[in-house]
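User: Hi, I have a new model open and would like to go through it slowly. Could you help me read it?
Analyst: Gladly; let us look at it together.

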Amino acid sequence: MELGFLKRLRASTLWPRVGWIYGTSAGALSGTMAALDRLDELEEFMYRLQPDDTFRPNRMWRLPLLGTHDYRLPRTVEERLGDTVAMANELREAPIEVSVFATDVSGHPDGGGARAHELRYSSRTTPPETMAAAIMASAAISGLVLPLRVGDRIATDGAWVRNFPLGHAYDDPGVRLIVAFRYLPQYPELSAEWLARLRRRLERFRRVPPVAALVAELREAEDRAARGEPAHWGDMIVRLMRVAVQQNTILEERYAIEKDESIAELALLRDDVAKILAGDPELAQKVDERFAVAAFPFGHDRLVPRITVYGTAEGVSLEAGMRNPQPWPDDAKRELVDRGFELLDRELARRGIS
């Protein structure tokens, strides 16, 4: 869907104005390819992509040590799109600056100050080797795979801290218009059927005391699932991941809305006071000077127009995090690309932008 969104943006009259791209998770790679004007290659890459090319399930005995999946995406990108360090070198000279975001899990307690545990990597200032690693780390879904080394940091999926990097677009003084894609996830419910299958297999050996104890635990897990509770530890972690990612996204957008409202209200207040004091120029000047130095949180910011489209996969699901994922058919991929394209197309048409 993000690819379709970027294709429509590239075809629009806005594209020559694009100076910055901010991307988290999958947006780190798609944003990089957009800045390099390689969206056609990215589309071909997407149509070839299958679950095992992204996150390949580990054998059960490796799960406690290596996570549920092997992170295959970096290798697939190298094989099909080219050397990522060379890509980052080219990105450094591209007319569009790309910023990608990752989550710092290096182990220091304070998280690095004001933006706790958030890592931002700019294509202009980050060494290519580090930038290449950051792009892949941002997309490393930490519920599935271990984190990656990025320079002197250990980093993982940027969605934990900055899933929707709207605030950074506001903070860059050169930005005059924000065009954003926000994905609204529809997380699949984890089935407890595998617990029942495992229990039925083990019940043949229920005379063995340890097996009988395990069967009892499995029955309790099934009962928890039936009540809507987390059936097991993994289910609980997945639920917490959803909460963390969705909450930081909602807060990011809420912060932007409140910032816009505060700036607009402050401007109205200033105008109203100026009208009240219109008969006393000296006092009006003093009040105006006081407004100019007032420490309002948004007092010296500017309103930035924003075009945001919201996309959901609806009935189409391309899941990579399952033990036995189904192949990804081309028609499903095409439907999602077309949907992303159409979402932005409708929004641009509504605003009279070609």
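**Reading the model**

Analyst: We can begin with Ser25, which is found in the loop between β1 (20-24) and α2 (26-35). Please keep in mind throughout that this is a predicted model.

User: Ok, is Ser25 buried or exposed?
Analyst: Ser25 is buried, because its relative accessible area is 16%, and buried means under 20%.

User: And what is phi of Ser25 near?
Analyst: Phi of Ser25 is near 60°, which is a positive value in a residue that is not glycine. Asp37 is also a residue other than glycine with a positive phi, in its case about 55°.

User: Where does Asp37 lie, then?
Analyst: Asp37 lies in the loop that runs between α2 and α3. Its relative accessible area is 51%, so Asp37 is exposed, given that exposed means over 50%.

User: Let me step back a bit. How many helices and strands are there in the protein chain?
Analyst: The protein chain has 14 helices and nine strands. Its C-alpha trace spans about 95 × 45 × 45 Å along the principal axes, and of its 354 residues, 42% are buried.

User: What share of the contacts join residues at least 24 apart in sequence?
Analyst: If we take the contacts between residues at least 6 apart in sequence, 72% of them join residues at least 24 apart.

User: Which residues touch the most other members in the largest nonpolar core?
Analyst: That core has 59 residues, and those touching the most other members are Phe45, Tyr71, Val100, Tyr121 and Met131. Helix α7 gives the largest share of this core, with seven residues. Apart from it lies another core, made of eleven residues, among them Phe164, Tyr170, Val175 and Ala180.

User: Tyr71 was on your list; what is Tyr71 in contact with?
Analyst: Once its neighbours within four places in sequence are left aside, Tyr71 is in contact with Thr54, Phe55, Met136, Ala139, Ala140, Val145 and Leu148.

User: Where is Leu148, and what else is Leu148 in contact with?
Analyst: Leu148 is in strand β6, which covers residues 148-150. With neighbours within four places set aside, the contacts of Leu148 are Tyr71, Ala133, Met136, Ala137, Arg153, Ile154 and Ala155. Leu148 is partly exposed, with a relative accessible area of 23%. The C-alpha atoms of Leu148 and Val105 are separated by 9.6 Å, and these two residues are 43 residues apart along the chain.

User: Switching to helices: how do α6 and α7 cross?
Analyst: The axes of α6 (residues 84-93) and α7 (residues 128-138) come within 8 Å and cross at roughly 110°. The two helices are therefore roughly perpendicular to each other, because angles from 65 to 115 degrees count that way. Their crossing is right-handed.

User: Which residues make that contact?
Analyst: On the α6 side they are Thr84, Val85, Ala88, Asn89, Leu91 and Arg92, and on the α7 side Pro128, Glu129, Met131 and Ala132. By class, this contact of α6 with α7 has six nonpolar, two polar and two charged residues.

User: What about α3 and α14?
Analyst: The axes of α3 and α14 (residues 330-350) come within 9 Å and cross at roughly 140°, and the helices are therefore oblique to each other. Here Glu43, Met46, Tyr47 and Arg48 of α3 meet Asp330, Lys333, Arg334 and Val337 of α14. The residues of this contact divide into three nonpolar, no polar and five charged.

User: Is Glu43 buried or exposed?
Analyst: Glu43, which is in helix α3, counts as buried because its relative accessibility is 16%. Not counting residues up to four places away in sequence, Glu43 touches Leu3, Lys7 and Val337.

User: Last one: where is Asp53, and what does Asp53 touch?
Analyst: Asp53 is in the loop between α3 (39-48) and β2 (55-57), and at 14% relative accessibility Asp53 counts as buried. Residues up to four places away again not counted, Asp53 touches Arg48, Arg72, Leu73, Thr76 and Arg80.

Conventions:
Residues numbered from 1 in each chain as written. Predicted model: local features only at pLDDT ≥ 70, side-chain atom pairs only at ≥ 80, totals over all residues. Heavy atoms only, no water. Helix = DSSP H or I, 4+ residues; strand = E, 2+ residues; numbered from the N terminus. Buried < 20%, exposed > 50% of the residue type's maximum accessible area, 1.4 Å probe, protein only. Contact = heavy atoms within 4.5 Å. Axes fitted to C-alpha atoms, helices over the stretch in contact; angles between N-to-C directions. Parallel < 35°, antiparallel > 145°, perpendicular 65-115°, else oblique. Left-handed = near helix turned anticlockwise from the far one by under 90°. Nonpolar A, V, L, I, M, F, W, Y, C, P; charged D, E, K, R; others polar. Core = buried A, V, L, I, M, F, W, Y, C linked by side-chain atoms within 4.5 Å.
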